[in-house]
Amino acid sequence: MKKIALAAAALATVTALALTGCSGSGRTADPSASGDAGASAGFAADSTIGVALPDKTSENWVLAGKLFEDGLKEAGFKGDVQYAPASNTVAEQQNQISAMITNGAKVIVIGAKDGKQLGTQLQQAADAGVKIIAYDRLIENTPNVDYYVAFDNFKVGELQGQALLDGLAKRSGHAAPWNVELFSGSPDDANSAVFFDGAMKVLQPKIDDGTLKVVSGQTAIAQTATQGWKAENAQSRMDSLLAANYTSATIDGVLSPNDTLARAIITSVKQAGKDISTFTVTGQDSEVESVKSIMAGEQYSTINKDTSLLVEQTIKMIGQLQKGEDVDVNDTEQYNNGVKVVPAYLLKPVIVTKENAAEAYANNPTLLDIVKAAQ
Ligand code: BGC
């Protein structure tokens with residue numbers, strides 16, 4: 001029998017989410033899921049473990065590589081950590097994964113560049129008995145992904161949606177209705193729809209009742225996408241939105257799915273000569289520059305998804321596979337990749353604003369120093 005560490009809190013969240021019936025690409029409620037991915041028979045304690053990471057679109061990816069190098073070594077494995085380069089990323093990641101399989105990796109951890117384009121490589125992995133852990137981003141449309149480890153990304157979206165509403169009430173200087181615009185991440189990243197769906201669960205009722213007005217009318221995810229999670233794409237879309245809709249109207253806030261894009265949006269708003277102190281923009285990742293911006297009263301919120309905890313949990317799962325033990329998961333319902341529900345271990349994200357930054361970063365000396373210096 002598969003051991004399922006289903007914490008009561010996680011169960012409550014899962015149930016609540018299932019009841020909403022809210023689903024996005026890569027995330028559906030499927031009560032029939034068993035979560036039994038089957039423990040492997042184990043493998044040598046000094047085996048090679050592959051880690052295939054995407055291009056470095058945010059600081060969390062840079063940090064993850066270093067933490068995997070150190071953590072796998074400390075756990076006695078030979079780590080083979082690779083990044084997909086910013087150019088030709090999908091093909092390079094496919095090649096890197098194939099090479100890891102050929103070179104005898106026992107487990108491959110994948111932060112997918114494009115989670116829909118790894119079917120061939122993962123079939124190759126399954127044929128060779130290599131276990132696959134999708135890291136942070138779900139891998140879609142293949143039966144050959146064994147586990148998913150991530151922060152609860154739907155919850156990230158909900159927290160962002162709520163933060164936007166809170167920020168508008170605190171900063172705009174006027175009562176509702178508020179003029180806002182919506183941004184989402186890169187369409188090739190399964191997380192983008194999950195973040196957006198989570199946020200829209202909170203925001204859609206407020207759009208419907210007139211509390212929020214999306215002046216451009218661009219509320220469909222395809223209209224809000226930011227290809228490649230690139231700052232320049234977010235900035236140019238924001239420039240266009242401002243020029244087309246806000247020459248006389250006030251822009252009160254923007255839903256931004258991460259910190260890199262939030263800073264690009266702030267740059268655009270400033271360049272248009274708008275007042276940033278009454279403007280609210282959300283974020284994610286607790287990037288150094290965004291924590292500084294929050295403390296300076298510009299960006300309103302971010303999300304703390306402690307990369308060290310995510311890497312630690314992943315290495316724990318690899319250790320369980322190595323010993324042939326059951327692998328801990330705490331969610332067996334939410335993440336349907338189009339072919340199956342992938343057993344997942346989800347960690348809890350934390351919303352951070354200026355008010356709780358010191359508490360949120362209590363265990364992060366770099367960020368805590370920034371917070372203290374600004375207080
Ligand atoms: C991650 C985010 C990150 C984004 C861009 C997503 O898949 O979950 O934390 O901001 O990729 O790198």
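Student: Which loop does Asn141 lie in?

Tutor: Heads up, this is a predicted model: local features need pLDDT of at least 70, side-chain atom pairs count only at pLDDT 80 or more, and totals for chains, interfaces and linings use all residues. Residues are numbered from 1 along each chain as its sequence is written, and side-chain values use heavy atoms, leaving out hydrogens and water. Asn141 isn't a glycine, yet its phi is positive, near 60 degrees. With strands as DSSP E runs of at least two residues and helices as H or I runs of at least four, numbered from the N terminus, Asn141 falls in the loop between strand S4 (131-135) and strand S5 (147-151).

Student: What is omega for the cis peptide bond of Ala176 and Pro177?

Tutor: Look in the loop between helix H5 (153-171) and strand S6 (178-182), where Pro177 sits. The bond joining Ala176 to Pro177 is cis, with omega about 5 degrees.

Student: How far is a polar side-chain atom of Arg137 from an oxygen atom of the ligand?

Tutor: Polar contacts here are N or O pairs within 3.5 Å. Asn60 has a polar side-chain atom 3.2 Å from a ligand oxygen, and for Asn258 the value is 2.9 Å. For Arg137, the distance is 2.7 Å.

Notes: Polar contact = N/O pair within 3.5 Å; in protein donor to acceptor, adjacent residues only side chain to side chain.
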